Structures are given as structure tokens and as C-alpha cells.
Amino acid sequence: MRILLLCSSFNGLTQRCWLELRRAGHDVGVELAVSEQAMVEAAELAKPDLVICPFLKERVPERLWQAHRTVIIHPGPPGDRGPSSLDWAILEAESEWGVTALQAVEEMDAGPIWGFRTFAMPSEAPRKSALYNGPVADAAVELVVEVVAKAADPSFVPAPLDYRSPEVRGRLRRAMRHSDREFSWEESTEEIVRRVRAADGAPGGRSVLCEVPVRVFDVYRGPELGGRPGEVVARREGAVLVNTGDGSVWVGHVRLEQEGSIKLPAALALGDRVASAPERSGYSEITYDRSDGVGVVSFDFYNGAMSSDQCRRLASALRYAVAQDTKVLVVRGGETFSNGIHLNVIEASRQPELEAWMNINAINGVCREIVGCTSQLVVTSIGGNAGAGGVMMGLGADRVIIRDSVVLNPHYRTMGLFGSEFWTYVLPRRVGAETARRLTRQALPVGAAEAVELGLADRMLGGSRLDFERRVLEYAERLAVDPGYDRLLAGRRQVREVDERRRPLDAYRAEELAEMSRDMFDDRHEFRAARRGFVHKVRALATPEHLVRLGGLSGASASAGAGASHM
């Protein structure tokens, strides 16, 4: 079928839909909903059999849905309506939630139903971003496949929305207001965690911290300390510990409520206001666990961004793990595996270009520990999406194991960077020089199955993230007792020695950094503008050029966005 994906952004969910439909043999184009004119023109030019709108924030123009069969993927169960569905589901502690496919009509979210999926909500309040990228995205992708199958059936007729039906359990909910997101530190830890997580990663919970109005993100339960609610009593790894009405919470990130402020690690954003707070254990982004044969370095950085300081701590943890007497080292990422350098911390620096330079050197240190380890076999466990340097970081291992729902973006081009992280060594080594050039130049996503076919990953496993991590650990334990272990380790050492003689790792690093210095300091490919656009969430003026070509369907942006800068 000819399918047009109409989306607010080409994010992980939309990328998964695009990958799944393309893999099934459909001709799929993408258009960003930058304006009604762009949406209508895209459909007129593409002449699609079907328009699918995954979690589209904008209203579909009447001219479009009247002329083309258009299906909205809504993040709520049948009958749920409104723009804050996931926020309400978390805040009101729903035990079950879902995703619904419905036909576009005049009234938003009120069209006939093409299908739906439901799933159990976690007992612990999930972060909205984790819910969106986890069970909601999984259900949405399944539903998109079902919708396309039904669209190919001339006898299929969607069911009208009928609130008398037992399957229709949702309702119309208003958009969340600022007041719905406000909280006081006198409230219970449970209430604060739930309200903040219902607004994470945007727009954040609203409160006052250190006498400054802030948006709060990335919170975790702390110990029951006692003390004045709202007082910052400790710091650790960029987070601050704040007293609540019945305990405390670790606050990982905040954004000051002032013009031009951006989301930052809480201790960095609050600066001198929390500088005197003592360091305290109980919160860590990086952990190390081991059994007799396997050591596991786990890291979970918010949104997968890795600052200079985080990279240095991770490199130190890897050095410690490599020095142990285990046989296999597992490098395990979190909800997002890694997206490379921390653009927000870079942008907030007094000298952003210098901080970017320090950040890329620091993440290179992490990659060097993975690539250069010859005392153990190394396995990377990629259970969440990865992009740019985060992908390349994972490729330095002997075995790369990827979860079946993961999307990789193995390129730097859209951020105006040549890239580093030893990618000119690890990427061609796995996929060949020609494929490496294609992946980095086309700047398109790669699904888990394709990653295995290309050689970016060695094995794909399914299940929840916890199931996936358990299966990776079982694989590593088998590897540690494999009768051929000594031969495998000797092979790793030999390959590294041969490669080092042919061309030292330092040579790859020097060449990459020479290119990166021109990107960061000379701004030859507009890294500065791309970084600012990303950090400040600047709305795209047109569909980026590398997406316009997708599937050969979409071409509206080339005309509607003429003269606009692309990012």
C-alpha cells in the first residue's frame, strides 16, 4: 500500500511505525504536521491509499480527511478523548490503559474505531516518557499493522464510537492546566512522585525549590529523613535530595521558570543555591554487580544524554570492572541506551563549544575502555533506543545484543557533526565501509531486525526490558563457561593487536577529532543552530530534506518549506 505517516515529530514511535511498515513491503512516506497547507499538499502529492497519524498533536485538516482515508492513533483506550491522556492516566493511577485507532472526523478523537489494544499499568507511577516509549509504543505499532491489514480489506467497516458499549471505557478529559501540575513539598512522597512523573519529560511538575519557581523532572523516592519540607539536604551525581511531607525525593533534573531556561541536572541548574549541601549515597546513575564469571556495569542517564562528568564516571566504572577477575563484562544501558553527548549541558555552559569539545573527549574515553578491553569478553545490552555516539559506543563490544523494539540512529548528520566515538573504526568493522557511508549519510533509523541483518547487532531478543536484561545476563553466563572461551578471548586479543598495528586507535581518534573541531569551533555544518534548535525545542518549519525522500511519497515540504532552514 501507499501510506503517508503524518506526525508531529519523527520520533522513536513514528520511526518504529515507519520501519515496521517498510519491512512489510509498503511504500511509506513521512510528513511533519508543520501547517495545514503542508499536510494537505503532502497528501495531494503522495496520493496515498491510507494516511496514518501516530499520536498527532495537531488537528487533521478537513480537506485532508475528507479526501483521504485517515486514521488517528490515540494514546488512550476506546472512548478516551483529549490531549492529556497519558498525563491523566498516570496522575489518576489507572490500573489499565490502552491505545486506540480511530478514523479522523470533525470532532477530535470521536471517529469510528478501527481497533484498540489495552495493557496493565505499572503499580509504581511510571514516567510519562517511559510509558510512551514502552507499552504505549508497543501497542501502537501492533495497532498500525492491524489498521493497514484492515484497510486492505474492502469489507471492513470501523465501529462507531458508542459509550454504551462495554469496550468503551474511556471518557473526554480536558487538557491539563498548569494548576494540575503544581505541587507542594509538604505533600507526601507518593503524591509528588506521581504528579511529577505524569509530566515527565514535558512540561514537568511545577513547584518552588530554593525559593525559585521550577519545573521538576526525573524524581525517585528517597529515605525518610524528617526535616523541613522543600529543604535541599544533599546532592549526588547532579541530583538533589529534597525533604517532603513524609520523607524525601531525589530530583534529577529541573528547569528554572524564567525566559530561556532549559532542563538541566538539578544541582547544575540550582548552582550556588545547593553548593553547600553535603554529598550523600543512595542515588546512583551507574552501578556494578558481579557473579563468579560475569560483571555488569549498568548506567541509566536521563534521556540517554551523557555529560562530560557522567562520561568520566562511566569510564571509571568500566576501568574498575575490567580489572576484576570476571570473564565477561556486560555493559547495560537504561530506558534509553545512549544518545551521545549532553546537548543541554553544552548549551548551558559559558563556553558551549569548549564544553562540547570536553564532552566528546570524555565519551571517547568510555568508548576506549570498551574497545580496548582484552582481559574479558564484552557484551553490550541495548534494551532502549540509541542514537549517534550512543550507537557507536555499543559497537565496540564483542557481542551486541538488542531488544526487538529498539530503534537505532547510527548517524550524526542531523546535528551538524562529523562524529567521533571511534565510529570510523567500529562501524565499518561491523557493516563494511559502503554500508557505513550509507548509514551515516542517509541519516535514517534502523530497526532491531535490520540491525542484526546489517551486522550492527549480533542477536535480537524480545520480552519486557526486565526479561530482556535477564536473558542477556543468562547469555553472558553461558559465554563465561563456554568450553571455547579461551579461544574466543585469544581471538579478541589477536584482532585488537592486528588492528592496532595496522592503524592505532589514537589515529582514528585524532582524525575524528580534527573533523569535530571544525564542526564545533568553526561551525561549518551549523552545529550551533542545530544544537539550539534541539535544546530549545524549536518547531520545525518544514519536513527535513532527508525525510522528504522517504518512500518517494512526500514532496510537499520541498515547496511549502522553500527558503526554510532544515535541521
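## The chain as a whole

How many helices and strands does the secondary structure of the chain come to? The answer is 20 helices and 21 strands, where helices (H or I, at least four residues) and strands (E, at least two) are DSSP runs numbered from the N terminus. The radius of gyration, taken over C-alpha atoms, is 24 Å, close to the 24 Å that the globule rule gives for 567 residues, so the chain is as compact as a globular protein of that length. That rule is 2.2 Å times the number of residues to the power 0.38.

Before going on, please note that this is a predicted model, in which local features need pLDDT of at least 70, side-chain atom pairs count only at pLDDT 80 or more, and totals for chains, interfaces and linings use all residues. Residues are numbered from 1 along each chain as its sequence is written, and side-chain values use heavy atoms, with hydrogens and water left out.

## Size, surface and charge

Along its principal axes, the C-alpha trace spans about 65 × 60 × 50 Å. Of the 567 residues in the chain, 56% are buried. Here buried means under 20% relative accessible area, exposed means over 50%, and partly exposed lies in between (1.4 Å probe, protein chains only). The accessible surface comes to about 23800 Å², and carbon and sulfur atoms account for 49% of it; such areas come from the Shrake-Rupley method with a 1.4 Å probe, and for residues only the protein chains shown count as cover.

Take contacts between residues at least 6 apart in sequence: 70% of them join residues at least 24 apart. A contact means heavy atoms within 4.5 Å. As for charge, the chain has 71 positive and 77 negative charges, and their mean positions are 3 Å apart. Lys and Arg count as positive and Asp and Glu as negative, while His and the chain ends are not counted; each charge is placed at NZ of Lys, CZ of Arg, CG of Asp or CD of Glu.

Helix 1 covers residues 12-23, and its end C-alpha atoms are 16 Å apart, in agreement with the 16 Å its 12 residues should span at 1.5 Å a residue. The expected span is 1.5 Å times one less than the number of residues. This helix is mostly covered, with 9 of its 12 residues buried; among them are Trp-18, Leu-19 and Leu-21. After helix 1 comes Gly-25, with a positive phi near 95 degrees.

Helix 8 (residues 308-322) has 15 residues and reaches 21 Å from its first C-alpha to its last, close to the 21 Å expected. Its buried residues include Cys-311, Arg-313, Leu-314 and Val-322. What covers them includes strand 13 (286-290), strand 14 (294-299), strand 15 (328-332) and helix 10.

Most residues other than glycine have a negative phi, and most peptide bonds are trans. With that in mind, where do cis peptide bonds turn up? One runs from Asp-200 to Gly-201, with omega near 5 degrees, and another joins Ala-202 and Pro-203, with omega about 0 degrees. Gly-201 lies in the loop between helix 6 (189-197) and strand 7 (205-209), and Pro-203 is found in the loop between helix 6 and strand 7 too.

Ala-93 has a positive phi of about 55 degrees although it is not a glycine. Its place is the loop between helix 4 (85-91) and strand 5 (96-103), and at 47% relative accessibility it counts as partly exposed. Phe-422, also not a glycine, has a positive phi of about 60 degrees. Phe-422 sits in the loop between strand 19 (407-409) and helix 12 (423-431). Is Phe-422 buried or exposed? Phe-422 is buried, with a relative accessible area of 1%.

## Neighbours and distances

Asn-364 is part of helix 10 (residues 352-372) and is buried because its relative accessibility is 2%. Leaving aside neighbours within four places in sequence, Asn-364 is in contact with Ser-420, Glu-421, Phe-422, Arg-509 and Leu-513.

Arg-503 lies in the loop between helix 16 (485-502) and helix 17 (505-521) and is partly exposed, at 27% relative accessibility. Not counting residues up to four places away in sequence, Arg-503 touches Tyr-508 and Glu-511. The C-alpha atoms of Arg-503 and Glu-347 are separated by 35 Å.
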